[in-house]
Amino acid sequence: QLQLVESGGGLAQAGGSLRLSCAASGSILSINTMGWYRQAPGKQRELVATITSSTGTTYADSVKDRFTISRDNAKNTVTVYLQMNSLKPEDTALYYCHAINWYAGTWMNYWGQGTQVTVSS
């Protein structure tokens, strides 16, 4: 099992930057993929960026060249970061950390509690 704890959301002006963090603890050795999704009011949850050890990183077209996902492996935790630059008002959303690991013979999906990002124009 995994536990995901997010931090780093907040308010930024258009053109500004924020960095989100997500710390994973528990069965971290079997983590395959970590990433970030977001959901704006009235819209479906959408993929923002993912990172895996085997296939590298992927980004939504809307955030390419502005956002960077990275991962730090420590002894008992894995932390994934989302560096968000050149923020736009349309980046306003609730951002969720996501992880997939192999547990009890199956792939499991985990979600963080969400952290709000608000970008003012």
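With which residue does Arg-66 form a salt bridge? In this predicted model, the partner is Asp-91, and the closest N and O atoms of the two residues are 2.8 Å apart. Arg-66 lies in the loop between β6 (56-59) and β7 (67-73), whereas Asp-91 lies in the loop between β8 (77-84) and β9, so the pair ties together parts that are 25 residues apart in sequence. Both residues, Arg-66 and Asp-91, are buried.

Arg-38 counts as buried, at 6% relative accessibility, while Glu-46 counts as partly exposed, at 37%.

The count of salt bridges comes to four. Among them is the one in which the side chains of Asp-61 and Lys-64 meet, at 3.2 Å from N to O. Here Asp-61 is exposed, with a relative accessible area of 65%, and Lys-64 counts as partly exposed, at 43% relative accessibility.

I turn now to the strands. Strand β9 (residues 93-103) and strand β10 (residues 106-111) run antiparallel and are joined by six bridges. Ile-100 stands opposite Asn-109 in β10. What do β9 and β10 form, and how many residues lie between them? The two strands form a hairpin, with two residues between them. In the turn, Ala-104 has a positive phi of about 55°.

Notes
Residues are numbered from 1 along each chain as its sequence is written. This is a predicted model: local features need pLDDT of at least 70, side-chain atom pairs count only at pLDDT 80 or more; totals for chains, interfaces and linings use all residues. Side-chain values use heavy atoms; hydrogens and water are left out. Two strands pair if DSSP finds at least two bridges between them. Helices (H or I, at least four residues) and strands (E, at least two) are DSSP runs, numbered from the N terminus. Buried means under 20% relative accessible area, exposed over 50%, partly exposed in between (1.4 Å probe, protein chains only).
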